[in-house]
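Okay, thanks for coming, everyone. Let me put the thing up on the screen and then walk you through it.

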Amino acid sequence: MAKTDAALAPLPPGECIVLRRGALEVEVAPQAGGRIAQLRHRGVAWLVGPHDGTPGAINWGAYPMLPWAGRLRQGGFRFEGQDYHIPANLGPHAIHGLAFDAPWQVAERSTDAVRLTLDLSSDARWPFGGQALHDITLDADTLRLRLRVQAGKRAMPRPVIGWHPWFRKQHDFDFQPRAYYPRDADGIATLPLAPPPGPLDDCYLNDRPVRLSYEGQQLRLESDCDHWVYFDEQPQATCFEPQSGPPDTFNLRAGETLAPGESVEAWFRLAFA
C-alpha cells in the first residue's frame with residue numbers, strides 16, 4: 001500500500017465552536033489546526049468543508065500557516081551557520097508549517113469571538129520553540145482574523161505567516177496582482193519576480209482587495225500581507241491565500257531573523273457586501 005503524505009492524511013474537525021453575529025456564522029475547529037471549518041453568510045456555505053470529499057489535512061476549511069507557508073524545499077535551510085531539516089509531509093518537501101494539523105488551545109471565547117493559542121515545538125520538527133496566537137472575530141458582515149508568532153528563548157528564522165482558505169469553486173472573481181514568483185521543476189517558488197498572470201498555483205505580489213462572487217453574494221478579501229497564493233487547479237475549490245512572504249522563505253530570505261521575544265503579526269479581513 002502506498003504511503004499517504006502526512007499533509008494529505010484525513011483530519012477530522014473534532015468538536016467545533018460556532019460563532020454567530022447577524023447574518024454571519026463561523027465554525028471553528030481548534031483540534032484541526034485552529035482552522036475555520038465553515039463560513040456561512042445568510043445560510044450560504046463558502047468553504048469546502050471536511051465532509052465535501054477532500055478530508056486531507058491541507059484540503060479543507062481555512063487554516064493558519066506558520067511559521068512558514070507553502071513548500072519548504074526538501075524541508076531544509078541554513079540558519080546561524082547550522083543546517084536544519086524539517087521532516088517532509090508532502091512528497092520530499094515540508095508544506096504549510098506546523099499549525100494546520102496541530103490541536104490549538106482555546107484561551108478565550110464568546111458568542112462572536114475566540115482566541116486560540118499554540119505552543120510551537122522545540123524538537124526535531126522545529127527546534128526553535130515559540131508561541132502562536134489566532135484571533136477569530138465576527139463584526140457585522142465581516143470575519144476578522146489575526147495571527148501572531150512570537151519567538152521564545154532563542155532566535156528563529158523570521159516566520160512567514162498567513163491563511164489558506166479553500167473557497168468553493170469561484171467562476172467570477174477580481175484579482176489583480178503586480179508580479180509573481182515563477183516555479184521551477186520542483187514546483188517551488190523562485191526569484192527573480194516576473195510579470196503576471198503566471199499559472200494557477202503561484203505566489204503573487206498583490207496590494208489590492210480580492211473580490212469573489214458566489215451564489216449571488218459578494219465577498220471582499222483584504223490583508224496587510226502583500227503575498228497571495230492563487231490556486232485554482234482542483235474542480236471543487238479556488239484558493240486565495242494571503243501570507244506575509246513567499247514559499248521557501250527560509251531559503252529565499254536566508255538570514256532574516258526573529259530575535260528572542262520578538263513577534264510578527266498579520267491580519268485578514270473577509271467582508272460581505
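Let's start with a quick one: is Arg115 buried, partly exposed or exposed? Arg115 counts as partly exposed, at 26% relative accessibility. For the cut-offs, buried is under 20% relative accessible area, exposed is over 50%, and partly exposed is in between, with a 1.4 Å probe and protein chains only.

Before going on, the housekeeping. This is a predicted model, so local features need pLDDT of at least 70 and side-chain atom pairs count only at pLDDT 80 or more, while totals for chains, interfaces and linings use all residues. Residues are numbered from 1 along each chain as its sequence is written, and side-chain values use heavy atoms, with hydrogens and water left out.

Searching the whole structure turns up 20 salt bridges. One of them is between Asp135 and Arg115, at 2.7 Å from N to O. Asp135 sits in strand E12 (residues 131-139) and Arg115 in strand E11 (residues 113-119), so this pair ties together parts that are 20 residues apart in sequence. When I say strand, I mean a DSSP run labelled E of at least two residues, numbered from the N terminus; helices would be H or I, at least four residues. And Asp135, for its part, is buried, at 11% relative accessible area.

Next one: Arg146 and Glu265 form a salt bridge at 3.3 Å, N to O. That pair links distant parts of the chain, with Arg146 in strand E13 (residues 142-150) and Glu265 in strand E24 (residues 263-272), 119 residues apart. Both ends count as partly exposed: Arg146 at 24% relative accessibility and Glu265 at 44%.

Then there's Arg220 with Glu222, a salt bridge at 3.3 Å, N to O. Arg220 counts as partly exposed too, at 31%. There's also a network, where salt bridges that share partners join Arg20, Glu25, Glu27 and Arg40.

So where do those strands sit? There's an open sheet of eight strands with antiparallel pairing, in the order E10-E11-E12-E13-E24-E20-E19-E16. Pairing here takes at least two DSSP bridges between two strands. The edges are E10 (105-109) and E16 (172-174), each of which pairs on one side only. On average, neighbouring strands in this sheet are turned by 15 degrees against each other, direction ignored; the axes are lines fitted to C-alpha atoms (for helices, over the stretch in contact), with angles from 0 to 180 degrees between N-to-C directions. Inside the sheet, E20 (residues 217-223) runs antiparallel to E24, joined by five bridges. Glu222 comes back here: its bridge partner in E24 is Arg269.

Now over to E21 and E22. Six of the eight residues in E21 (residues 227-234) are buried, so this strand is largely enclosed by the rest of the structure. E21 and E22 pair antiparallel over six bridges, and they make a hairpin with two residues between them. Tyr230 stands opposite Phe240 in E22. On its other partner, E18 (residues 201-205) is joined to E21 by five bridges, again antiparallel, with Cys203 opposite Val229.

Phe240 is buried at 0% relative accessible area. Leaving aside neighbours within four places in sequence, its contacts (heavy atoms within 4.5 Å) include Phe167, Phe173, Phe175 and Trp228.

What Glu241 does have is a 3.2 Å polar contact between its side chain and that of His164. A polar contact is a pair of N or O atoms within 3.5 Å; within protein, one must be able to donate a hydrogen and the other to accept it, and residues adjacent in sequence count only if both atoms are side-chain atoms.

Last stop, E3 (residues 35-41), where six of the seven residues are buried. E3 pairs antiparallel with E2 (residues 24-29) over six bridges, and Gly33 in their hairpin takes a positive phi near 80 degrees. That's me done, thanks.

Methods
A salt bridge is a side-chain nitrogen of Lys or Arg within 4 Å of a carboxyl oxygen of Asp or Glu.
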